[in-house]
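Welcome to this structure. Here are some friendly notes to read alongside the sequence and the 3D view.

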Amino acid sequence: MTITVPQQAARGESVFDRLERLLPQVSKPIQYVGGELNATLKPWDAVEVHWALMYPDAYEVGAPNQGVQILYEIINERQDALAERTYAVWPDLEALMREHGVPQFTVDGHRPVGDFDLLGVSFATELGYTNMLTALDLAGIPLQAASRDEGHPVVIAGGHAAFNPEPIADFIDAAVLGDGEQAVLLITDLVQAWKAQGRPGGRQGLLLELARTGSVYVPAFYDVHYLPDGRIQRVAPSRPDVPWRVRKHTLMDLDAWPYPKQPLVPLAETVHERMSVEIFRGCTRGCRFCQAGMITRPVRERSITGIAAMVDNGLRRTGYEEVGLLSLSSADHSEIGDVARNLADRYEGTQTALSLPSTRVDAFNVDLANELSRNGRRSGLTFAPEGGSERIRRVINKLVTEEDLIRTVTTAYAAGWRQVKLYFMCGLPTETDADVLQIATLAREVIKAGREATGRRDIRCTVSIGGFVPKPHTPFQWAAQLDHASTDARLMQLRDAIRADREYGKAIGLRYHDGKPGIVEGLLSRGDRRVGRAIEQAWRDGARFDGWSEHFSFDRWMQASQIALAGTGVDVDWFTTRERDRTEVLPWDHLDAGLDAEWLWEDWQDALDEVAVDDCRWTPCFDCGVCDQLGTQIQVGPTGVVDLPMPTARASVGSVLAGS
Amino acid sequence: MSRQAPDRDVAPTVQRLRLRYAKRGRLRFSSHRDFQRAFERALRRAGVPIAFSAGFSPHPKVSYANAAPTGSASEAEYLEIGLQAACDPHRLRQALDDALPPGLDVIEVVVARTPDFVARLQASVWRIELPEVDVAAASAAARALLEADEVVVERLTKQGRRSFDARGAVLSLDVAPAGEDPGGCAILTAVVRHGTPTVRPDDVLAALRRVADLVPPAPPRVTRLAQGPLDPGQRTVGDPFAEDRA
């Protein structure tokens, strides 16, 4: 299945001519041609270090990704390096590329990915693993890292899924945990020096250089030993000069890193047709199911002036008509009220929409949404109680009471919204049927209160619910995942309960995802190195685009896992629906997200006891370990800046061109 | 969404401009929707005082005409915009061209002084390059097509598979060799009358396949060279901006 790249081609030479002949035969060819506004294309020979950056999903999902855009720009700002982007190609183009010997290419220079020094792959989700294998194979890069030589790129995984890269340990040369900004600069420095010195030690020498920093995880330098019962006995470095644990990177002072400064504007339609400005990183709400909240601590805010400058600069450079203020819980920014008011004032009358993807359940969130949408354009309102009953919400540490929710939603209906969306999860630890059925009651109360508050009958709410997948580096990393049959049975009970409600049922929409994809995600999330064989087998059996329901096949994954895990004594259930005990060595224990293992375990016990913890931004530290271990601290306002010294945007419109 | 539109003052349209633009090189793979998004963003980047429609979800006043199909290049695409403040067309052309990615190029802007612009776009001139196709074979196929009274072709549309005549709309079809392409290359130039359904270059190629079994081994490269009013006698296409310039 490997692709033979013509030998005579010089490194970095464009393959566009060969690709172009295939494009009339594929769907949405524009996604493969590059040429986005604000894209950078540097001459190959002008730099020493060449990065290919991959988002392992379709262009329409990958192109808006902030992580890739940030790293792309930071690398390209260096004189001695360049970065180009590559995305997963759809099966129609993959087949043609194989037929015509066209390798995996970058969309910027259409250069073969195999020619680059480094291939960085950003994994927001584990469901991109098979797409990485397709890209490696199309690039002519051996799937197994051990089979690569000096002519092949160093393959580095990043993104949230890289906090447990063990399932893909055989396929990657290295993984980076945490914020990528400074990490890519460090790696670029090391590769530049290694090349300048004549590549001492060859490929192995470079990997050793990376591993010795303690900031880059090189799986090949760590051995995993197993117990007879299949559990891990220990994970240990295979060399004395490699550290026992690898730590995550934490970028402090977001105002010093206002990236992307030149947001890319794709020609092809993407899943986010807007510009994004990250208003803070990290979250300390402490929701126990939330991997993002646990691994991105501490909270680091961008200041109100920094946010406004990025919004202003970005709009001028892109022409987007909408700006999203991104973070894990945007209403939690300490100065969000002033941010919203200032931006709404500034862009009033310019047909510029401001959106705050926040799911916080409180009336303040509704006020913010009102403020941001006062010039007319508004998106939907979404709240995330996550759990149906107050008991289960204490288990997951989502501190929302039923009263909070009813009050919030009533405020929204009274303010003119006719529809709200409510997010929930199914399969949470200790959950019973009753906890999930409580969602129907909650939705009913929401509609009832909405009708009373407005005197109208056209009030609606949509309940959106999916299966919970336990994730590494969270208090639920020890929990048993609910099997897919039980998940589906609970969801059906909920559906029936809503349907049976004659008075309110018709006003309640239900969107749910069946439990099967969650089991594969669970296998990949909490798997160890033995799962790598299952990934490769599933890929060889045709697995691609596993995050897309039309491409995902549960049966293919189960068959592949059965074949690949045969003889190991462990299986899919062992990785997913089995609860772990305190003494078990977890596959990611040698990877340091800063969280104290004792604290995580105690938080897991608190969950089982239905005990909640507060947010350390507003209450004393509860010793999660992050700030101590990493030497970091919470960075939040207030900055004291309340009003921004900026003119309104409206005054400048047309002034340059007007007057014929 | 789900809320009554607030009352809003809508600035009136004080000037209408007509634009001719090109879709070149690799950006020929952009669809019409891709172009629309890029164009509306370019309006904002360039600071064009575009007028907006009234209503809950205001849209910039842009009317597009006869977009070339995805994959075809074009030197002659047209649209019209409404402005809430009058602009100098030459400066606006430059500003918009700068704001669009290279390959989407604004060629000319005129002030709309006449009605019924779209009705003037009666026919298109298409250049169809057929790499690796022998000129003699292409010429024979073109002759066969022109000699036929009717050539029914099929196309998959949103309404399903549709059959229609591709011959009647073809007013002329010339074949010439390409300069120095070593593999050989025939270049067709077709004048095609607009109608319903619009006969597109791929329909002409389907017709050539039907009448003479002409099957290009490599993907054709298609460019629309012109659109405009038709002079039936001479079978040429005129300048649709002529009346606005007068």
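1. Let us begin with Gln562(A), which is exposed, at a relative accessible area of 62%. (Exposed means over 50% relative accessible area, buried under 20%, and partly exposed in between, with a 1.4 Å probe and protein chains only.) Gln562(A) sits in helix α18 of chain A, residues 554–565; helices here are DSSP runs of H or I with at least four residues, strands are runs of E with at least two, and both are numbered from the N terminus. Between the C-alpha atoms of Gln562(A) and Pro243(A), which are 319 residues apart along the chain, the distance is 35 Å.

2. A word on what you are looking at: this is a predicted model, in which local features need pLDDT of at least 70 and side-chain atom pairs count only at pLDDT 80 or more, while totals for chains, interfaces and linings use all residues. Residues are numbered from 1 along each chain as its sequence is written, chains are lettered from A and ligands numbered from 1 in the order in which they are written, and side-chain values use heavy atoms, with hydrogens and water left out.

3. How is chain A divided? There is a domain 1 (16–234) and a domain 2 (274–525 + 594–630), with bounds that come from an automatic or database domain assignment. Their C-alpha centres in chain A are 32 Å apart. To the contact between them, domain 1 of chain A brings 13 residues and domain 2 of chain A brings 17 residues; contact means heavy atoms within 4.5 Å.

4. Next, look for an open sheet of three strands in chain A, in the order β9-β12-β13 and with parallel pairing. Two strands pair if DSSP finds at least two bridges between them. At the edges are β9 (275–278) and β13 (353–355) of chain A, each pairing on one side only. From one strand to the next, the twist averages 20 degrees. β9(A) and β12(A) (residues 322–326) run parallel and are joined by four bridges, and Ser276(A) stands opposite Gly324(A) of β12(A).

5. Helix α9 of chain A (residues 304–318) lies across β9 and β12 of chain A, at about 160 degrees to β9(A). Such angles run from 0 to 180 degrees between N-to-C directions, and the axes are lines fitted to C-alpha atoms, for helices over the stretch in contact.

6. Which residues touch the most other members of the largest nonpolar core? They are Trp51(A), Met132(A), Phe39(B), Ile81(B) and Leu96(B), in a core of 172 residues. (A nonpolar core is a set of buried Ala, Val, Leu, Ile, Met, Phe, Trp, Tyr and Cys residues joined through side-chain atoms within 4.5 Å.) Helix α5 of chain A (residues 129–139) gives the most to this core, with seven residues. Beyond its neighbours within four places in sequence, Phe39(B) has contacts that include Leu19(B), Val62(B) and Tyr64(B).

7. Chain B has five helices and twelve strands. Its C-alpha trace spans about 65 × 40 × 35 Å along the principal axes, and 48% of the 246 residues in chain B are buried.

8. Finally, the cysteines: the count is zero disulfides over all chains, a disulfide being a pair of cysteine sulfur atoms within 2.5 Å. For Cys287(A), the nearest cysteine sulfur is that of Cys290(A), 6.2 Å away. Cys624(A) has its closest cysteine sulfur in Cys616(A), at 6.3 Å, which is too far for a bond. Cys287(A) is buried at 12% relative accessibility, and Cys624(A) is buried at 11%.
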